[in-house]
Amino acid sequence: EIAQCLVGSEMCIRDSAMTGSFCTFEKAFEAWRALGETGAELVPIMSENAYTLNTRFYSAEDSRRIFREIAGREILTGIEQVEPFGPKKMVDMTIVSPCTGNTLSKIANGIVDTPVAMAVKSTLRNHRPVLLAVSTNDGLGIGARNLGALMAMRGIYFVPFGQDDPIKKPQSLVAHFDRLVDAARAALNGEQLQPLLI
């Protein structure tokens, strides 16, 4: 399954990766739906926590069902399932939405111990774009160094983000998920959607 990506109305195969920022799943699902409506073909990937944990926001079963319905195919959950994306050049870009502080740290430090991190590594190996929709409570705290490292890394792009609750959670950053489709189009053109900070 080799993807050919032509920006516009043509179909693109894109990695669709979710990590465990459960409070943003609803907005992330809306963004994935909007992306699918552009004609993009989605390959869903979930981290172990996103795939298995029941939370006050969604049961694991409901999260899997919704993501599977949006993508129209089975969810990949193993490193070995995602590893071929690199050598076989199977995807045009990888989008991690939501992308937790934990996953930001892994990507920034070259740690590949989850299927999502492997998808990112495989995509960057082929000089194809990676788009991150951050959702982290420590983005302006200890996680800021990882965010800064990724902002300087070639091939990494961000869905515009900002502080979601500067009074009660002054270090927290969350992507504006309604900008994901525009950010994906820009990333496929090698551009960072601006303004980045909203």
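**View 1. Pro 195 sits in the segment after helix α8 (180–188).** A cis peptide bond links Gln 194 to Pro 195, with omega about -5 degrees. Helices here are DSSP runs of H or I with at least four residues, strands are runs of E with at least two, and both are numbered from the N terminus. This is a predicted model, where local features need pLDDT of at least 70 and side-chain atom pairs count only at pLDDT 80 or more, while totals for chains, interfaces and linings use all residues. Residues are numbered from 1 along each chain as its sequence is written, and side-chain values use heavy atoms, with hydrogens and water left out.

**View 2. Strand β3 (residues 93–99) holds Pro 98.** The peptide bond running from Ser 97 to Pro 98 is cis, and its omega is near 0 degrees.

**View 3. Lys 89 belongs to the loop between α4 (79–82) and β3.** Lys 89 isn't a glycine, yet its phi is positive, about 50 degrees. With 43% relative accessibility, Lys 89 is partly exposed (buried means under 20% relative accessible area, exposed over 50%, partly exposed in between, using a 1.4 Å probe and protein chains only).

**View 4. His 127 is in the loop between α6 (115–125) and β4 (130–136).** Here's another positive phi in a residue other than glycine: for His 127, the value is near 55 degrees. His 127 is exposed, at 75% relative accessible area.

**View 5. The largest nonpolar core has 34 residues.** A nonpolar core is a set of buried Ala, Val, Leu, Ile, Met, Phe, Trp, Tyr and Cys residues joined through side-chain atoms within 4.5 Å. Phe 29, Trp 32, Leu 35, Ile 95 and Leu 131 touch the most other members. The biggest giver to this core is α8, with seven residues. There's also a second, separate core of 25 residues, with Phe 85, Leu 104, Val 116 and Val 134 among them.

**View 6. Helices α1 and α3 pack with their axes 10 Å apart, at an angle of about 15 degrees.** Axes are lines fitted to C-alpha atoms over the stretch in contact, and angles run from 0 to 180 degrees between N-to-C directions. That makes α1 and α3 roughly parallel (angles under 35 degrees count as roughly parallel). Phe 25, Phe 29, Trp 32 and Arg 33 in α1 meet Ser 63, Ile 66, Phe 67 and Ile 70 in α3, where contact means heavy atoms within 4.5 Å.

Definitions and conventions
Parallel < 35°, antiparallel > 145°, perpendicular 65-115°, else oblique.
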